Amino acid sequence: PGSRMEARRLARGHFQFETAIQREYRSNGDEREHTTFIPRLLRYGFSKNWEFRVEGNTFTRQRQHDPALVDTDSSGFAPSSIGLKYNIVKAVGSTQPSIGAIVRVFPPSGSSAFRNSRATGDFRLAADWNFVDKWSLNPNVGVAVYEDDTKRSYAAGLFAATLNYNPSKILNFFVDTGLQYAEEKNGRASLIFDVGAAYIIGHDIQIDLSVGTGAAGTKPPHPFLAAGFSKRF
């Protein structure tokens with residue numbers, strides 16, 4: 001889903017590096033597909049309210065097993081985006097959430113079967129609301145123009161939300177959900193859920209683990225596992 005911490009402002013002059021390794025499993029009868037990729041997000045706060053971002057799934061490896069065909073193993077680099085985030089509203093206690101706007105553009109990039117043939121992108125509004133002691137909610141909503149597996153462009157609506165529980169300043173438990181409609185041209189909605197925990201080391205390092213699964217759609221993973229690392233400079 002990726003909604004967690006999206007609306008939180010990165011201070012001017014600070015740089016943040018976020019990466020992970022994610023493993024996804026899909027099956028359809030005797031057919032199986034395993035995908036491993038390394039998402040990363042680079043963030044730089046260049047003014048009080050503006051942030052520059054570079055984001056993508058970087059190196060990706062996909063293995064497909066079909067009893068009727070030869071197994072295939074492909075690898076390459078996924079498309080990367082450049083983007084901006086603007087902090088619209090600053091949080092005020094539990095009554096006023098922070099709100100930010102995020103825009104991303106994916107120019108034609110990537111390699112092998114993972115390359116996109118035309119520019120795509122999305123626009124989202126993201127919020128961070130500490131509505132009660134130790135609990136926060138991070139919803140975001142948006143629209144997108146993506147490219148499906150057959151290289152056809154299509155429009156999609158986006159929604160994601162994260163519910164966080166912080167029993168201490170260094171430990172965070174979270175539940176994520178993410179909805180995309182449609183998941184491909186003339187397709188249906190895709191819905192996923194995941195749960196996990198994040199741990200802060202010192203003031204500028206965070207590690208996290210999560211596990212999730214698809215609840216709707218024709219291509220969501222069942223299940224997926226992720227381990228993440230973030231560092232602020």
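Which side chain does a polar contact of 2.5 Å join to that of aspartate 122? The partner is the side chain of arginine 104, where a polar contact is a pair of N or O atoms within 3.5 Å, of which, within protein, one must be able to donate a hydrogen and the other to accept it, and where residues adjacent in sequence count only if both atoms are side-chain atoms. The model is predicted, so that local features need pLDDT of at least 70 and side-chain atom pairs count only at pLDDT 80 or more, while totals for chains, interfaces and linings use all residues. Residues are numbered from 1 along each chain as its sequence is written, and side-chain values use heavy atoms, with hydrogens and water left out.

**Overall architecture**

- The protein has 15 strands and zero helices, both being DSSP runs numbered from the N terminus, with helices (H or I) of at least four residues and strands (E) of at least two.
- Its radius of gyration is 18 Å, close to the 17 Å that the globule rule gives for 233 residues, so the protein is as compact as a globular protein of that length; the radius is taken over C-alpha atoms, and the rule is 2.2 Å times the number of residues to the power 0.38.
- Taken along the principal axes, the box filled by the C-alpha atoms of the protein is roughly 60 × 35 × 30 Å.
- Of the contacts in the protein with a separation of 6 or more, 50% are between residues 24 or more positions apart, contact meaning heavy atoms within 4.5 Å.

**Surface and charge**

- Buried residues make up 39% of the 233 residues in the protein, with buried meaning under 20% relative accessible area, exposed over 50%, and partly exposed in between (1.4 Å probe, protein chains only).
- The accessible surface of the protein comes to about 12600 Å², and carbon and sulfur atoms hold 62% of this area; such areas come from the Shrake-Rupley method with a 1.4 Å probe, and for residues only the protein chains shown count as cover.
- The protein carries 28 positive and 23 negative charges, whose mean positions are 8 Å apart; Lys and Arg count as positive and Asp and Glu as negative, without His and the chain ends, and each charge is placed at NZ of Lys, CZ of Arg, CG of Asp or CD of Glu.

- Aspartate 122 belongs to strand S9 (residues 120-132) and is buried, with a relative accessible area of 4%.
- Not counting residues up to four places away in sequence, aspartate 122 touches several residues, among them Ile102, Phe106, Val143 and Leu158.
- Arginine 104 lies in strand S8 and, at 14% relative accessibility, likewise counts as buried.
- The side chain of arginine 104 also makes a polar contact of 3.3 Å with the side chain of glutamate 55, and the residues that arginine 104 touches beyond four places in sequence include Glu55, Ser81, Arg124 and Tyr146.
- The C-alpha atom of arginine 104 is separated by 20 Å from that of histidine 14, which is 90 residues away along the chain.

- Threonine 177 lies in strand S12 and counts as buried at 18% relative accessibility; a polar atom of the threonine 177 side chain lies 3.4 Å from the backbone oxygen of isoleucine 192.
- Isoleucine 200, found in strand S13, counts as partly exposed at 28% relative accessibility.
- The C-alpha atoms of isoleucine 200 and isoleucine 170 are separated by 4.7 Å, although these residues are 30 apart along the chain.
- Leaving aside neighbours within four places in sequence, isoleucine 200 is in contact with Lys169, Ile170, Ile205 and Gln206.

**Backbone features in loops**

- A cis peptide bond, with omega about 10 degrees, joins tyrosine 181 and alanine 182, and alanine 182 is found in the loop between strand S12 (171-181) and strand S13 (190-201).
- Another cis peptide bond joins histidine 222 and proline 223, with omega about -5 degrees; proline 223 lies in the loop between strand S14 (205-216) and strand S15 (224-232).
- Serine 112, in the loop between strand S8 (98-106) and S9, has a positive phi of about 55 degrees although it is not a glycine.
- Lysine 151, also not a glycine, has a positive phi of about 70 degrees; lysine 151 sits in the loop between strand S10 (135-147) and strand S11 (153-165) and counts as partly exposed at 32% relative accessibility.
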